[in-house]
Amino acid sequence: MLRTLTLTLALLSLAACQSGPKTDYDPNTNFAAMKHFALQPPEQTNDPLSSEHIAMAVTQTLMAKGMSQSDTPDFRVTWVFQTGTKPPSSGLSIGLGTGSWGHSGGVSVGTSVGLPLGGEKQYQQIQIDILTASGDRLLWRGSDNFEFSDGGEDKAEATQKTVAKILAAFPPTPK
């Protein structure tokens with residue numbers, strides 16, 4: 001019984017630590033009819049390389065879903081992104097443990113304080129918006145982020161994976 005409780009608490013703790021893409025959409029939209037898209041890049045950006053990586057990732061991901069790019073789209077895709085740095089994490093950890101010896105058992109709680117190691121980490125947050133064909137109304141929005149150390153191929157690959165995770169929830173499936 002105690003082992004089951006401990007295992008359940010451990011799994012819940014792990015699930016709480018994981019984050020995934022966040023999405024929202026208009027439930028009155030017929031997403032099943034949306035097969036053709038057009039990209040609508042942000043008007044201005046101080047990081048054109050990141051914007052290019054996102055555009056390529058969006059195109060590849062939507063085409064892999066059987067959609068095609070068109071001059072007469074059913075919907076438009078735009079995006080915004082933010083790149084920044086965050087300090088290395090440190091903090092308080094709390095652990096719960098159980099054990100038994102012979103006919104005796106016990107529960108213990110332990111704590112530890114972490115010291116920050118390494119330098120600041122860079123992150124990029126990406127938000128993808130699906131708009132009407134005229135581009136005047138938001139139909140779907142998804143966002144997620146990733147950490148990276150350097151640009152180049154590693155960042156381009158992380159961008160591709162993040163965009164694919166975001167668009168995995170598009171089109172939404174009605175419940």
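## Getting started

Helices (H or I, at least four residues) and strands (E, at least two) are DSSP runs, numbered from the N terminus. What you have here is a predicted model, where local features need pLDDT of at least 70 and side-chain atom pairs count only at pLDDT 80 or more, while totals for chains, interfaces and linings use all residues. Residues are numbered from 1 along each chain as its sequence is written, and side-chain values use heavy atoms, with hydrogens and water left out.

## Strands side by side

Let's start with strand 8, which covers residues 138-148. Strands count as paired if DSSP finds at least two bridges between them. Strand 7 and strand 8 pair in the antiparallel sense over 10 bridges, and Gln122 stands opposite Phe148 in strand 8. These two strands form a hairpin with five residues between them, and Gly135 in that turn has a positive phi of about 80°.

Strand 8 has another partner too: strand 1 (residues 22-25) runs antiparallel to strand 8, joined by four bridges. In this pairing, Lys22 stands opposite Ser143.

Contact means heavy atoms within 4.5 Å. Leaving aside neighbours within four places in sequence, Leu139 is in contact with residues including Tyr25, Asp26, Phe31 and Ile130. Take Phe31: this residue is 108 residues apart from Leu139 along the chain, and their C-alpha atoms are separated by 9.0 Å.

Asp26 sits in the loop between strand 1 and strand 2 (36-39). With a relative accessible area of 18%, Asp26 is buried. A polar atom of the Asp26 side chain lies 2.9 Å from the backbone nitrogen of Asn28. Not counting residues up to four places away in sequence, Asp26 touches Phe31, Arg137 and Leu139.

## The nonpolar core

A nonpolar core is a set of buried Ala, Val, Leu, Ile, Met, Phe, Trp, Tyr and Cys residues joined through side-chain atoms within 4.5 Å. In soluble globular proteins, nonpolar side chains tend to be buried together. Which residues of the largest nonpolar core touch the most other members? Out of 25 residues, they are Leu62, Phe75, Ile128 and Phe170. Helix 2, strand 4 (75-86), strand 7 (121-132), strand 8 and helix 3 (153-167) each supply at least two residues of this core. Helix 2 gives the most, with five residues.

Helix 2 (residues 48-64) is also where you'll find Ser51. Ser51 is buried, with a relative accessible area of 9%. Beyond its neighbours within four places in sequence, Ser51 is in contact with Pro42, Thr45, Trp79 and Phe81.

## Rings and a cis bond

Rings of Phe, Tyr and Trp (its six-membered ring) pair if their centres lie within 6.5 Å; planes under 30 degrees apart count as stacked, over 60 as edge-to-face and the rest as tilted. How many aromatic pairs does the structure hold? There are six. Ring pairs link Tyr25, Phe31, Phe37, Phe75, Trp140 and Phe170 into a cluster. Among the residues that Phe75 touches, not counting those up to four places away in sequence, are Met34, Phe37, Leu62 and Phe170.

Finally, look at Phe170 and Pro171, which are joined by a cis peptide bond with omega about -10°. Pro171 lies in the segment after helix 3. Most residues other than glycine have a negative phi, and most peptide bonds are trans.

Key: Buried means under 20% relative accessible area, exposed over 50%, partly exposed in between (1.4 Å probe, protein chains only). A polar contact is a pair of N or O atoms within 3.5 Å; within protein, one must be able to donate a hydrogen and the other to accept it, and residues adjacent in sequence count only if both atoms are side-chain atoms.
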